[in-house]
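Please have the view open as I talk.

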Protein chains: 2
Amino acid sequence: MAEPRIGVVGATGAVGAVTLRLLAERGYSDVRPFASARSAGTTVGDGLRVEEATPEALAAGDLDLALFSVGTSASLELVPHAVRGGAAVVDKSSAYRLEPGIPLVVPEVNGGRALENDGIVANPNCCTIPLTCVLKPLHDAAGLRRVRVSTYQSVSGAGAQRMEQLRAQAVDDHDLAMDWTWDGDETDEESKIRAEAQKILELPELPISATTVRVPVLVGHAESIWVELDEPLSPEQATALLRTAPSVQVVDAPTPRAAAQTDQVLVGRIRRDRAAGESGLVLFLACDNLVKGAALNAIQIAELLLDRVAA
Amino acid sequence: MAEPRIGVVGATGAVGAVTLRLLAERGYSDVRPFASARSAGTTVGDGLRVEEATPEALAAGDLDLALFSVGTSASLELVPHAVRGGAAVVDKSSAYRLEPGIPLVVPEVNGGRALENDGIVANPNCCTIPLTCVLKPLHDAAGLRRVRVSTYQSVSGAGAQRMEQLRAQAVDDHDLAMDWTWDGDETDEESKIRAEAQKILELPELPISATTVRVPVLVGHAESIWVELDEPLSPEQATALLRTAPSVQVVDAPTPRAAAQTDQVLVGRIRRDRAAGESGLVLFLACDNLVKGAALNAIQIAELLLDRVAA
């Protein structure tokens, strides 16, 4: 096929910047950045001029693919126009993730679902992506019964502005935070992790309990995980499974800094859950929330869609 | 009784400094700071001159109470001399915590055990103290079956030098760490939390699984906790129990900064464990690791011992 015409909507944000970098690294040359009127006319990436993300521009019919990394309300407003214009859309907001009929895709876990789309494929939450990459091989081998996860999420997950706030803050003021909106007795992040992992793994009843916490780290999310399995699985067996899992790398110390700017989900601390006997494992993972946790996963989805167009 | 003669051994460290401050606030006036030869002769607290912590000085017989906050090897070397000199010792290192016959005490949980000592009472790990303050009322009401905990520990738990390192570090380099020594497939911190909580709660078989993580916060530890109980206990019932528990304060957002410099264990996020049904709860706590997590708890133990002397 001809060089795909790619629009990056939300190109001036933290994830948008990584998206532009990864597209350039992968050799895509027909890339157009879009953002709000405020940023239109500025340049991003390798000297690309930002266009205003208007319904008309997105519906004009000159994009094969549109990668959205804007807020939920902006996605709800703009994505339908890009679809109307004929672009295949990968949306990174939570706007469409749980919509029936819209695929929610981690290519290593359920990549085949990407092709079952009517114009939109949703990209999961930045914690759900690495979590499902690690859970999938364990489920296939021994069956997931219960999952508990406590997160250590960097401020870049809340956007570029929060990164600047952390840089400007005195270290004495650094703190943990639960700076999401609330959904009953949980943060919306906690209910997203559960609902999205259930959808991606196609285990709609899987019990998942999450506690999400923001830590004063710029880039890289980590997760402390307990899994209970239907069948016994030793830490050695789990390690062997994870060593061959796609996009997963087993390491001794999976920290956000070690994961930053890599394409991998780092996983380690794989051991018996001393509170659960032979059916329980404990793990710890880290992942660059802007790369595999967001921009890279969306580009991987896009490449599944482009392959279809090419075939 | 006369004003107790109190020695603070390790007076120049992060916990020692807080110990001196709390003793002064509580009106103790006969307080002598001890430290290594390197610090002897300097002044600490309110102009107190530091003495060298030699075996002879500690065994001289002129201390009623010795509060140790030094490393494990220094405690093993020096504590017996203070005991020989007739001082009641509260030791904050891990040297004696798991020794049979040596009480390991959180006054709100098992204060009565403090009096069953032969000269030494051990002060628990800075994560174990707040954890047991929260677990005890839940156990008394519904019976603990399993505990899982993931920690968010500040760098002050690793000493004053690590605090200076964090202050000097660029925010871009802030990271999570598991900077403890290792004990098989766990950090020694993880096995300490399990073994110490089992001893304090007098539940030697209680299954506890911990993952300990250092976060780039100066002061204040937090813990993400899942408990499974023998009997159903609603989040509302647990909240009511914790509201009346000593040294526990129920809050919406238990963060290290909110807990810093307070005497309380802050607990919140109390909700149903969606992975466990009616027998499971999720909680989050924060506590000043230098105050209730260390210096204050040791002073509370000392006051139980001084009461005995006074009686």
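This is a predicted model: local features need pLDDT of at least 70, side-chain atom pairs count only at pLDDT 80 or more; totals for chains, interfaces and linings use all residues.

How many salt bridges are there between chain B and chain A? The count is 16, where a salt bridge is a side-chain nitrogen of Lys or Arg within 4 Å of a carboxyl oxygen of Asp or Glu. One of them joins Asp185(A) to Arg274(B), with the closest N and O atoms 2.9 Å apart.

Residues are numbered from 1 along each chain as its sequence is written, chains are lettered from A in the order in which they are written, and side-chain values use heavy atoms, with hydrogens and water left out.

The contact (heavy atoms within 4.5 Å) takes 48 residues from chain B and 48 residues from chain A. Together the two chains bury about 4100 Å², 53% of it on carbon and sulfur atoms, buried area being the accessible area (1.4 Å probe) that two parts lose on being put together, summed over both. In chain B, Arg148(B), Arg269(B) and Arg274(B) lose the most area to chain A, together 16% of what that side buries.

Turning to the sheet, S9(B) and strand S13 (residues 221-229) of chain B pair in the antiparallel sense over eight bridges, strands being DSSP runs (E, at least two residues) numbered from the N terminus, and pairing requiring at least two DSSP bridges. Within that pair, Ser150(B) stands opposite Ser224(B) in S13(B).

Conventions
Helices (H or I, at least four residues) and strands (E, at least two) are DSSP runs, numbered from the N terminus.
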